[in-house]
Each structure stands twice: as C-alpha cells, then as structure tokens.
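Me: I am new to reading protein structures, and I would like to go through one slowly. Could you take me through its features one at a time, giving the general idea before the particular case?

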Amino acid sequence: DAPAGALAIALRESLSARYLLLWPSIFEACAALFTALGAESHPPCSELLTAIAQLHSDPRIGPSRRELISALGLAAKAIGPHSFIEVLPIKISTTADGEDSSWLITVLRGHIGNASLAHFGSYFLPL
C-alpha cells in the first residue's frame with residue numbers, strides 16, 4: 001500500500017494548473033496505475049480518483065477530457081462499481097444550481113465487471 005499510496009499522491013499533486021499541458025499524460029499514468037493495482041487501488045488511490053473527477057467540470061480540461069474519462073473508466077473497472085460509487089456518489093440535481101454528477105453513469109457504462117445485480121437495483125433504481 002505504501003508505494004501505491006505514494007505514487008497516487010504524486011499523481012494527484014501533478015494535477016495542478018502548473019502541469020496543465022501534461023494532464024493528458026498524467027491521466028494516462030493514472031489509468032495505468034488503476035489497471036496495474038486492480039481492486040487494490042481502493043483505498044490507496046481514492047483521493048486521486050476524487051481529484052480526477054473534480055477536474056471534469058474544470059473549463060481548462062478541454063482536449064484532455066477523453067483521457068480523463070478513460071482514466072475514470074479504468075478506475076471503475078479496477079475497483080468495481082460498488083467501490084467506485086462509494087468514492088464518487090452519483091448525484092442527480094433537480095435544480096439549476098444543484099450538484100450533479102450524473103455524467104459518471106456514462107463513465108460506468110462499458111467499464112463494469114464482476115458486479116452484483118442487486119447492488120445496481122438498490123443504488124440506481126431510486127435515482
């Protein structure tokens with residue numbers, strides 16, 4: 001856990017505006033980390049996962065969005081949908097200024113494996 005956690009911290013810190021031009025490569029490195037660690041990515045890389053998701057609404061993300069979505073998708077595949085949703089809860093806003101993370105549903109599509117159907121029924125049907 002210690003080396004994975006240290007690498008996750010370094011990658012999270014590299015997601016600052018200072019390294020904006022490197023974000024596509026940083027997202028690819030994040031995806032590789034999640035893929036290599038698999039289910040062991042959670043919890044050591046949970047803060048990294050949160051940091052990546054927070055950049056989705058950053059207007060500077062621009063052409064890096066594809067790599068960001070890919071990194072999130074590979075993280076979901078690695079840790080499973082239950083842990084993914086635990087770290088990044090899906091919220092659907094009913095007001096114009098409310099918090100909405102429904103875009104995460106598109107990230108999950110195509111990146112789900114070894115998931116319990118009961119979990120989906122209990123989580124997604126109430127949404």
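Predicted model: local features only at pLDDT ≥ 70, side-chain atom pairs only at ≥ 80, totals over all residues.

Me: How many helices and how many strands does the protein chain have?

Reply: The secondary structure consists of six helices and zero strands, and when it is read along the sequence the pattern is α-α-α-α-α-α. Of the 127 residues in the protein chain, 41% are buried.

Me: At what angle do α2 and α3 cross?

Reply: The axes of α2 and α3 cross at roughly 145° and come within 12 Å, and the crossing of α2 and α3 is left-handed. Here Phe 27, Cys 30, Leu 33 and Phe 34 of α2 meet Leu 48, Leu 49 and Ile 52 of α3. By class, this contact of α2 with α3 has seven nonpolar, no polar and no charged residues.

Me: How do I read an aromatic pair, and how many does the structure hold?

Reply: You look at how far apart the ring centres lie and at the angle between the ring planes, and this structure holds one such pair. The rings are those of Trp 23 and Phe 27, whose centres are 6.3 Å apart and whose planes are at 55°, so the pair is tilted.

Me: Where do Trp 23 and Phe 27 stand in relation to one another along the helix?

Reply: The general idea is that an α-helix has 3.6 residues a turn, so residues three or four places apart point the same way. Trp 23 and Phe 27 are four residues apart in helix α2, and they are therefore separated by about one helical turn.

Me: Are Trp 23 and Phe 27 buried or exposed?

Reply: Trp 23 counts as buried because its relative accessibility is 0%, and Phe 27 is buried with a relative accessible area of 0%.

Me: Which residues does Pro 24 contact, leaving aside its neighbours within four places in sequence?

Reply: Pro 24 is found in helix α2, which covers residues 23-37, and with those neighbours left aside it is in contact with Ser 64 and Glu 67. Pro 24 and Glu 67 are 43 residues apart along the chain, yet their C-alpha atoms are separated by 5.7 Å. Pro 24 counts as partly exposed, because its relative accessibility is 23%.

Me: Where is Glu 67 placed?

Reply: Glu 67 has its place in helix α4, and it counts as buried because its relative accessibility is 12%. Not counting residues up to four places away in sequence, Glu 67 touches Pro 24, Phe 27 and Glu 28.

Me: Turning to the loops, where is His 56, and is it buried or exposed?

Reply: His 56 lies in the loop between α3 and α4, and it counts as buried because its relative accessibility of 18% is under the 20% cut-off. Not counting residues up to four places away in sequence, it touches Ile 61, Arg 65, Leu 68, Ile 69 and Trp 103.

Me: Is the peptide bond from His 42 to Pro 43 cis or trans?

Reply: That bond, from His 42 to Pro 43, is cis, with omega near 20°, and Pro 43 has its place in the loop between α2 and α3.

Note on methods
Residues numbered from 1 in each chain as written. Heavy atoms only, no water. Helix = DSSP H or I, 4+ residues; strand = E, 2+ residues; numbered from the N terminus. Buried < 20%, exposed > 50% of the residue type's maximum accessible area, 1.4 Å probe, protein only. Contact = heavy atoms within 4.5 Å. Phe/Tyr/Trp six-rings, centres within 6.5 Å; stacked < 30°, edge-to-face > 60°. Axes fitted to C-alpha atoms, helices over the stretch in contact; angles between N-to-C directions. Left-handed = near helix turned anticlockwise from the far one by under 90°. Nonpolar A, V, L, I, M, F, W, Y, C, P; charged D, E, K, R; others polar.
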